Amino acid sequence: MTTTNRISWLSVPDEDGAHEGVRKLWAKAEANMGFVPNVFRAQALNGEQFLAWWTYFNLLVNKEGHLSNAERELLAVVVSGLNRCVYCAVSHGAALRQYTLDPVTADTVAVNWRHARLSERQAALCAFAEKLTLTPAQMQEGDLAPLRSQGLTDAEILEAVQVIGMFNMTNRVSSALGFTPNAEYHEQARSAPDQEPS
C-alpha cells in the first residue's frame, strides 16, 4: 500500500491490496469507461464499506429510477457545486453533459443554476436541492409544493431527496480526503450536438 497518492490524502490500495469485489469493480469500470474512477480507488481502503456505498449509489444514480438520468445528474451537480466538491462537480458535470448533450447548460449549473436555461421542473428541483443542502433544518412540508406543481409524484420526490442526501454525504467524503477527479472527466461530452469535435 502506498503512503501517499495524489488522488487522495490517505493511502490507496494497489491491485494486490484491494478487496476482491473492489478489484472486480475496477476491471468492469476499465472495460466500460476506459479508466477506473479515482473515487473507486480512493475509497477502496475500506473495501466492504466502499462496496456497500457503491451498491446504493449505483442504484440511485445509474439504474432506471423515477427521475430521469439527466434529472438525477442535475441534482448531483447542483449539490456538488453548492458544497464546492471538486471531484463530484467535475465527474458529474461530465455525466450531465453526456445526458443533456448541452455542455453550456451543464457548466453553468455547476457554478450557478439560476443562470442556466432550465425548464420550470428543473428549476424547482434545483431550488429544492439548494435549500435541503444549505439549510436542512429549515425544511417544511410547504417546500414540496413547487415540486408537486411541476408534476412530480411522491416517488419522484423521495428519489430526489435520496439523491440529494447521497451527494451531500459523498461530497463530504470526497472533500475531506482531497479526492482528485480523473483527467478524462474534463474532456467528456464537450461538443454541442451541432458541433464537430475539433
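A pocket is an open set of points on a 1 Å grid over the protein atoms alone, where a 1.4 Å probe fits, with protein on both sides within 12 Å along at least five of seven lines; its lining residues have an atom within 4 Å of a point. The model is predicted, with local features needing pLDDT of at least 70 and side-chain atom pairs pLDDT 80 or more, while totals for chains, interfaces and linings use all residues. Residues are numbered from 1 along each chain as its sequence is written, and side-chain values use heavy atoms, without hydrogens and water.

**View A. Lining of the largest pocket.** Of the 27 lining residues, Met33, Pro37, Phe40, Trp54 and Asn62 lie nearest the centre of the largest pocket.

**View B. Aromatic pair of Tyr87 and Tyr185.** The whole structure holds nine aromatic pairs (Phe, Tyr and Trp rings, the six-membered one for Trp, with centres within 6.5 Å). Tyr87 belongs to helix α5 and Tyr185 to helix α10 (residues 183-187), so the pair ties together parts 98 residues apart in sequence. Both Tyr87 and Tyr185 are buried (under 20% relative accessible area, 1.4 Å probe, protein chains only).

**View C. Aromatic cluster.** One aromatic cluster is formed by Phe40, Phe50, Trp53, Trp54, Phe57 and Phe167.

Note on methods
Rings of Phe, Tyr and Trp (its six-membered ring) pair if their centres lie within 6.5 Å; planes under 30 degrees apart count as stacked, over 60 as edge-to-face and the rest as tilted. Helices (H or I, at least four residues) and strands (E, at least two) are DSSP runs, numbered from the N terminus. Buried means under 20% relative accessible area, exposed over 50%, partly exposed in between (1.4 Å probe, protein chains only).
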